[in-house]
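Please open the model in your viewer and keep the selection tool at hand, as this tour moves from one selection to the next.

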Amino acid sequence: MKKILVMHGPNLNLLGVREPGIYGRNSLASINEEIVLKCNREGMDCVVYQSNSEGELISRLHDAMNQFDGVILNAGAYTHYSYAIRDAISAIRLPVVEVHMSNVAAREEFRHTSVIAPVCAGSIVGFGKNSYLLAVDAIKELI
Ligand code: DQA
């Protein structure tokens, strides 16, 4: 069975509490439940992971190389400036789908740049928790 890793970056542990007008009222735990259910329905195994630390996210990407067929990644604010996460994505040579819950293009200028987008297979942006569920459909076609 194909296996995917779903990664949430900094501050996403606070979903449900954090700026609900932007990110909604669902907790990360409830979103993770929906992601895992959808993966299983689609015949894939799924592990979810969250970290607030850039280094831990990078190490997890490295470990993913030998354990997973693909990655769904919401890198949070690291998206906009972490060349280290970008390099990790390039290094592992697994398909990575970039996800954002909010429509970053409609927000502050600094969110308009994604330094990871060029090394990801594609990006799904602006559909709230459904961004993750759409990413499951996308990754299924890539692995
Ligand atoms: C986010 C968008 C980022 O700009 C922000 O820093 C986040 C969440 C999103 O899912 O919309 O932490 O990645």
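The tour visits a pair of helices and then the ligand.

Because this is a predicted model, please read every distance and angle below as a value computed from predicted coordinates.

Begin by selecting residues 54-64, which form helix α3, together with residues 83-92, which form helix α4. The two helices pack at an angle of about 5°, with their axes 9 Å apart, and since angles under 35 degrees count as roughly parallel, α3 is roughly parallel to α4.

Next, show the side chains where these helices meet: α3 contributes Glu-54, Leu-57, Ile-58, Leu-61 and His-62, while α4 contributes Ala-84, Ile-85, Ala-88, Ile-89 and Ile-92. Sorted by class, this contact of α3 with α4 comprises 8 nonpolar residues, 1 polar residue and 1 charged residue.

Now select the ligand and display the residues around it, which are Arg-18, Tyr-23, Asn-74, Gly-76, Ala-77, His-80, His-100, Met-101, Ser-102, Val-104 and Arg-111. Which of its atoms lies 2.7 Å from an N or O atom in the side chain of His-80? It is an oxygen atom of the ligand. Moving to Arg-111, you will find a polar side-chain atom 2.8 Å from a ligand oxygen atom, whereas at Ala-77 a backbone N or O atom lies 3.1 Å from an oxygen atom of the ligand. Taken on its own, the ligand has 320 Å² of accessible area, of which the protein covers 99%.

Conventions:
Residues are numbered from 1 along each chain as its sequence is written. This is a predicted model: local features need pLDDT of at least 70, side-chain atom pairs count only at pLDDT 80 or more; totals for chains, interfaces and linings use all residues. Side-chain values use heavy atoms; hydrogens and water are left out. Axes are lines fitted to C-alpha atoms, for helices over the stretch in contact, and angles run from 0 to 180 degrees between N-to-C directions. Helices (H or I, at least four residues) and strands (E, at least two) are DSSP runs, numbered from the N terminus. Angles under 35 degrees count as roughly parallel, over 145 as roughly antiparallel, 65 to 115 as roughly perpendicular and the rest as oblique. Contact means heavy atoms within 4.5 Å. Ala, Val, Leu, Ile, Met, Phe, Trp, Tyr, Cys and Pro count as nonpolar, Asp, Glu, Lys and Arg as charged, and the others, Gly among them, as polar. A residue is near a molecule or strand if one of its heavy atoms lies within 4 Å of it. A polar contact is a pair of N or O atoms within 3.5 Å; within protein, one must be able to donate a hydrogen and the other to accept it, and residues adjacent in sequence count only if both atoms are side-chain atoms. Accessible areas come from the Shrake-Rupley method with a 1.4 Å probe; for residues, only the protein chains shown count as cover.
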